[in-house]
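Please view the sequence and the structure together.

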Amino acid sequence: MQATQHISRETILRELRTKFLGKSLVVLEKCSSTNDVASDSARHGAPHGLTVIAEEQTAGRGRLGRRWLSPKGGIWLSIVLRDALSIDAYNSLPLTGALAVARTLNSSLGVGARVRWPNDVLASGRKLAGVLVEAKSKGDEFDYALLGVGINANFPISLIEEVDQESTSLLDLVGSPVSREALITTILSEVEYLNELVSSKHSEVVVKLLERLECSRGKIVTVRLQRGEISGVFDGYDGLAKVRVATREGNVETINTSAVISAEYRKA
Ligand code: BTN
């Protein structure tokens, strides 16, 4: 395979249009997980918006402690979010992160990306990107959150041996390597924009943007929560923080996204 160009920190900093996100920027050749590096930095006082990018992760992780294969050519990044983030914006992060990625991929590459609640980005019905949010509190108070974003970008999905037939990559979709710097700068702007909307009590605008790109409605989903499992048809969003699931028994259950342990969709 043709080697992909390295991510240029200078290019990102030159093109960046954000107020905070990415202004403090670390680009690494290799690390265990960008969430680990960002978390260490946050513990040592890194500012709101610090962004850590790696060409390759040796121990990338997904939700529920699953392994996230992260070869060279992907977009693997973590953003430190603190102070400026309202509690609503924090609770909505998996969704707003996924929406930011889908909007970026559509406006930049027109790949028809869709958001699958609670945190996936799909294209052509296959998983293209995922979001992992990890948070740290200080006593009773929220200290910082890490928004980890993984996008299968400039490598064929067949490179990841263990992958099932349910994933895809930008290279497979577009047919040639994409500019990762351009995508990263746009993602940072989108995350900042969406978080600001939520923090300033305009989540309804974000819900409208989400409705255009969401692909969960009408699908059969089993949601695991501390209080048990709920299975049924995904019926839509109640604001950003809650969703409705219509069960076989004829009830409509309202589920708080922040209480979700896992969500599995029945294969079409
Ligand atoms: C998922 O869909 O399960 C979430 C995947 C999140 C992967 C990203 S890659 C950058 C950051 N570092 C990690 O170890 N994980 C996230």
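## Basis

This is a predicted model, in which local features need pLDDT of at least 70 and side-chain atom pairs count only at pLDDT 80 or more, while totals for chains, interfaces and linings use all residues. Residues are numbered from 1 along each chain as its sequence is written, and side-chain values use heavy atoms, with hydrogens and water left out.

Strand 7 spans residues 141-151, and nine of its eleven residues are buried (under 20% relative accessible area; exposed is over 50%, partly exposed in between; 1.4 Å probe, protein chains only). Helices (H or I, at least four residues) and strands (E, at least two) are DSSP runs, numbered from the N terminus.

Strand 7 pairs with strand 6 (residues 126-138) in the antiparallel sense through ten bridges; pairing requires at least two DSSP bridges between the strands. In this pair, G130 stands opposite G150 of strand 7. Strand 3 (residues 75-81) is also antiparallel to strand 7, with seven bridges, and V80 has L146 in strand 7 as its bridge partner.

## Ligand site

Around the ligand are 19 residues, of which S33, Q57, R61, R63 and K127 come nearest; a residue is near if one of its heavy atoms lies within 4 Å. Strand 6 gives the largest share of this shell, four residues. Helix 2 (34-43), strand 3, strand 6 and strand 7 each supply at least two.

Polar contacts are pairs of N or O atoms within 3.5 Å. A polar side-chain atom of K127 is 2.5 Å from a ligand oxygen atom. A polar backbone atom of R61 lies 2.7 Å from a nitrogen atom of the ligand, and a polar side-chain atom of Q57 lies 2.9 Å from a ligand nitrogen atom. The protein covers 97% of the 420 Å² of accessible area that the ligand has on its own (Shrake-Rupley method, 1.4 Å probe).

## Backbone geometry

Most residues other than glycine have a negative phi, and most peptide bonds are trans. W117 and P118 are joined by a cis peptide bond with omega about 5°. P118 belongs to the loop between strand 4 (114-116) and strand 5 (120-123).

L64, not a glycine, has a positive phi of about 60°. L64 lies in the loop between strand 2 (51-57) and strand 3 and is partly exposed at 42% relative accessibility. K201, also not a glycine, has a positive phi of about 65°. K201 is in the loop between helix 6 (180-199) and helix 7 (203-213) and is exposed, with a relative accessible area of 63%.

Conventions:
Polar contact = N/O pair within 3.5 Å; in protein donor to acceptor, adjacent residues only side chain to side chain.
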